[in-house]
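The sequence and the structure are shown first.

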Amino acid sequence: MGAALDDGLGTDAGEASGIGHPFLIITDVGKQFGNFVALERVSLKVFPGEFVSFLGPSGCGKTTLLRAIAGLDPPTVGRITQAGRDITALPPAQRDFGIVFQSYALFPNLSVADNIGYGLRGAAWPKARKNHRISELLHLVGLADQIAKYPAQLSGGQQQRVALARALAAEPGLLLLDEPLSALDAIVRLHLRQEIRSLQQRLGVTTIMVTHDQEEALSVSDRIVVMSQGRIEQIGTPEEVYRQPASAFVAGFVGRSAHFVAKVHTPTGHLVFKDLVMAAPGAAHLLYGEEIEVFIRPEDVELSNKANQGFGSFLAKVIGCEFLGPVCRVGLEAKGLRFEADLSPARFAELQAFPGAELFARFQPERLLIFPA
């Protein structure tokens, strides 16, 4: 899918690719708690079957926006429309969604089957249909053999699967995930996020997930909504948000990067930090002497033990290294500028990039991320 417009409301990804009308439209939604502004009139479209993540640091407004969509904290201003119906003022029970919380929120005194079937009541869910739906979901989330157990007898990952099955039980049009994996350990979190994405794609359910984990958002989302201080900073595909950040905040928050302040230099398309001059096509339209914020990612730094890397090469000292399995992350310093470079283990050994070594570094010009200071 392509990038959405910054306000999330113009001709964007879904419409351009022929998906059709938006399933969820958030228009100028704001939320205040007393004098505190939690959301500043945010707007967004979510299309049928999309997996959209709200990503940002604690206190950025992402959970407040999710709760507004669910009706748990209705907005102070603005409008929310789901499947053509204005749901802004509707109570949660009258909205079409399932929700999974960070804390699982399972009933400890009910079995797995009873937890999943808790909301399947009334004439629409006779016993036979209810039991079939519970069995179907248990197989879907891989817990068919746990049907009679209670939450306390399950692992954290299994409990979250039960919570997911319960959220999907009534076949909602919208699935809301509020930091669903943050209470789990790293290995379980990795497996479960892949399972959630696979399940979401099979069912085609429109999904919104709140997370502060950028890797999580990048790995499962069709689009990411990056938020800061109650505002939307950028809406885009994972690749767009990572490679073409719309602001210095996005560049610094999404992915790992070194950050420094430089000045526009001559000739056009160059910048200077102290006496380190480097090519930067992104600075070509800026005025000489203008201060800019610059970000460079570890994978975009080239290292060599020879000086012939080309223009912009400079000598840097290795000040640390981390072995991360497939990657060795090398910390470097030059003229007070600290940055990192990612190397394969073979390249690391070839360069002998141990602390204290001196290597020639070069920032890939087209990969420098530049913003007005």
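The paragraphs below treat these topics in turn.

The model is predicted. Helix 6 comprises 18 residues, 186-203, and spans 26 Å from its first C-alpha to its last, close to the 26 Å expected at 1.5 Å a residue. Buried positions in helix 6 are L192, R193, I196, R197, L199 and Q200. Viewed down the axis of helix 6, these buried residues fall within an arc of 165°, so they line one face of the helix. I187, Q201 and R202, on the other side of helix 6, are exposed.

The buried residues of helix 6 pack against several elements, including strand 3 (51-55), helix 4 (127-140) and helix 5 (156-168). Strand 7 (174-178), strand 8 (206-211) and helix 7 (214-220) are also among the elements they pack against. At the start of helix 6, a side-chain oxygen of D185 comes to within 3.3 Å of the backbone nitrogen of I187. Just after helix 6, G204 adopts a positive phi of about 70°.

D300 lies in the loop between strand 14 (291-296) and strand 15 (301-304). D300 is buried, with a relative accessible area of 3%. Its side chain makes a polar contact of 2.8 Å with the side chain of R243. Apart from neighbours within four places in sequence, D300 is in contact with R243, R362, F363, Q364 and R367. A network of salt bridges links D300 with R243, E299 and R367.

Side chains of opposite charge can pair when their charged atoms come close. The count of salt bridges comes to 18. Among them are the pairs tabulated here.

| Salt bridge | N to O distance |
|---|---|
| R133 and E136 | 2.8 Å |
| R193 and E215 | 3.1 Å |
| E322 and R256 | 4.0 Å |

R133 and E136 are 3 residues apart in helix 4, and therefore separated by about one helical turn. R133 is buried, at 11% relative accessible area, whereas E136 is partly exposed, at 38%.

The salt bridge between R193 and E215 links distant parts of the chain, with R193 in helix 6 and E215 in helix 7, 22 residues apart. R193 counts as buried at 11% relative accessibility, while E215 counts as partly exposed at 48%.

In the salt bridge of E322 with R256, the partners are 66 residues apart: E322 is in strand 16 (residues 314-323), and R256 is in the loop between helix 9 (248-253) and strand 11 (258-265). E322 is partly exposed at 39% relative accessibility, and R256 is partly exposed at 41%.

Definitions and conventions: Residues are numbered from 1 along each chain as its sequence is written. This is a predicted model: local features need pLDDT of at least 70, side-chain atom pairs count only at pLDDT 80 or more; totals for chains, interfaces and linings use all residues. Side-chain values use heavy atoms; hydrogens and water are left out. Helices (H or I, at least four residues) and strands (E, at least two) are DSSP runs, numbered from the N terminus. The expected span of a helix is 1.5 Å times one less than its number of residues. Buried means under 20% relative accessible area, exposed over 50%, partly exposed in between (1.4 Å probe, protein chains only). The arc is that of the directions from the helix axis to the C-beta atoms. Contact means heavy atoms within 4.5 Å. A polar contact is a pair of N or O atoms within 3.5 Å; within protein, one must be able to donate a hydrogen and the other to accept it, and residues adjacent in sequence count only if both atoms are side-chain atoms. A salt bridge is a side-chain nitrogen of Lys or Arg within 4 Å of a carboxyl oxygen of Asp or Glu.
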